[in-house]
Amino acid sequence: MAIIETKNLTYTYPGATKPSIVDVSIKVEKGEFVLITGPSGCGKTTLCRCFNGLVPHFYQGELKGEISVSGIDTLKHHTYEMAKHVGLVFQNPENQLFALSIEKDVAFGLENVGVSREEMRKKVDWALNQTGIYDIRERSPHEISGGQQQRVAIASVLAMEPEIIVLDEPTSFLDPLSAEKIFEVIYRLNKEQGITVILVEHRLDLTAKYTDHLIVMDEGKVRFEGDPRQILSSEETRLIGVGIPKATLLYQMLKKEGLNLGDKTPLSSEELADQLLEALSPQ
Amino acid sequence: MSVFDGLRFRKVYSPIHNLDPRIKFVYVIAIFVVAILFYQIIPLLVLFFMQIPFVLLARVQRQWLRSLRGAAFLATFIFVVNVATTYFTSGYLLTAANVENAAAMTLRFVVLVESFSVFFLTTSPDHLGLALEESRVPYEFAFAFTTAVRFVPVLAEEAQTIMDAQKARGLELEKGGLLKRIRNYVPVLIPLIVSAIRRSLELAEAMESRAWGATKKRTNLYLLKLHKGDYALLAITVGILAVAVYVHFFVSIPTIASLL
């Protein structure tokens, strides 16, 4: 059974004239690393908010269609019930940390659910270690860098031991190096802990290599869903305004000029480099 | 760095900082009561000097002196008013006893300021928040308090950015008379308020996503525990109160004027 399934999901924010997402039907299997991309204002964030019930419980408005997350109908369950199953990490790391020390922030969710102190300590330390911020656990959020803040945000949803982590453009406030570290943390959680990851991201250059399930959205609709190699090599995807990885673009240019590097469309510089080396080496 | 630098709290570790905030508060209240109990200058002087070891142990001398300097204006005012009223009511006579009395009243005020400033200078906001939580203050209030402290540096930074941006567009903050100067800040305040509201929405969203309000029986990662130092301070507090009450009722305190 799919861990997330939506059927004809359509949602309009209160006071808005047109819906933010239209007829979204997607299916995510357990343990997948799903990448959602698309131009700004295409409804990615709204879709993320549906996964833990912020839409419609927090935002009100009208939600039509069906949605099931971890087998739970989010329409009938509150966001705080969903928090144990879905962890949502937001764009701005600063605005999701409220405590005066990092470990207190990581414990916030567990405190809210009423976990005992001993168990909480264990889970908090585990989450801090998983995200590599154990050493700075006693600092206050404004003393650390944006990349570290975002890792705290990830740790704070991780401490709840959710089956799914949804990250809504977690690196748009970060420099490329910190961004890459964040992606590595997420990828490791996905591989080692088996947590289903849904990542919303513009920087496909850095992220396309992690995924085998890509969703491209535009104007509230799902335009493409499936194998990233196929989707990213199509002309239409580029026209929507998706940031195609440089390696994929170069591959296509070379292909157009008659240099065939094999059937596999590369998604990262490493893959392209391998293909080039193979093509250039004298047999 | 910025004009708002003073608003940032820093973590300092010292024997006084590590004391339980509740006990420290009880101590401050005790000093408060004792200061009210006496109107003679000698016990008030004793009270005043008794705080100094705390200040030195906590290594907050500089901030402490600054807070005393802040109180200097009011202290002078109290002194002058006291001397003046006795001067006029006692038939235009300035006696040493009257001046001493006025000095004692002033000192009483200074002791109050001093002890409160020691409390606030040596208690970190998260300790204070924790103390609030454990004193059965509704969690919402304790949370509002710590979050407010958490966002002070963030908002200060933002105010600085907005000020810089508006200055870059030609806003002159330091121009004109007092009223004009206050009006100059409107283009800084409005964006600041708008962004604070937007920020609060995002915060609310993040709180909801992390199970805010899931259960009435909330637990806490930290627990305030009383250590040796806390018991010692408690003992000192009780001692001070006992001595103060004894002296107040059974010892007649001489004035400095009569000793001379």
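**View 1. Helices H4 and H5 of chain B in contact.** The axes of helix H4 (residues 61-89) and helix H5 (residues 96-122) of chain B come within 8 Å and cross at roughly 155 degrees, where axes are lines fitted to C-alpha atoms over the stretch in contact and angles run from 0 to 180 degrees between N-to-C directions. H4(B) is therefore roughly antiparallel to H5(B), a term that applies to angles over 145 degrees. Helices here are DSSP runs (H or I, at least four residues), numbered from the N terminus. By class, the contact of H4(B) with H5(B) has 17 nonpolar, eight polar and one charged residues; Ala, Val, Leu, Ile, Met, Phe, Trp, Tyr, Cys and Pro count as nonpolar, Asp, Glu, Lys and Arg as charged, and the others, Gly among them, as polar.

This is a predicted model, in which local features need pLDDT of at least 70 and side-chain atom pairs count only at pLDDT 80 or more, whereas totals for chains, interfaces and linings use all residues. Residues are numbered from 1 along each chain as its sequence is written, and chains are lettered from A in the order in which they are written.

**View 2. The contact between chain B and chain A.** The contact takes 27 residues from chain B and 34 residues from chain A, two residues being in contact if their C-beta atoms, placed from the backbone, lie within 7 Å. On the side of chain B, the elements that give two or more residues are helix H6 (125-134), helix H7 (139-168) and helix H9 (186-209), with the largest share, seven residues, coming from H9(B). By class, this side of chain B has eleven nonpolar, seven polar and nine charged residues.

**View 3. The domains of chain B.** Chain B is divided into domain 1 (16-123 + 230-259) and domain 2 (128-209), with bounds from an automatic or database domain assignment. The C-alpha centres of domain 1 and domain 2 of chain B lie 36 Å apart.

How values were computed
Parallel < 35°, antiparallel > 145°, perpendicular 65-115°, else oblique.
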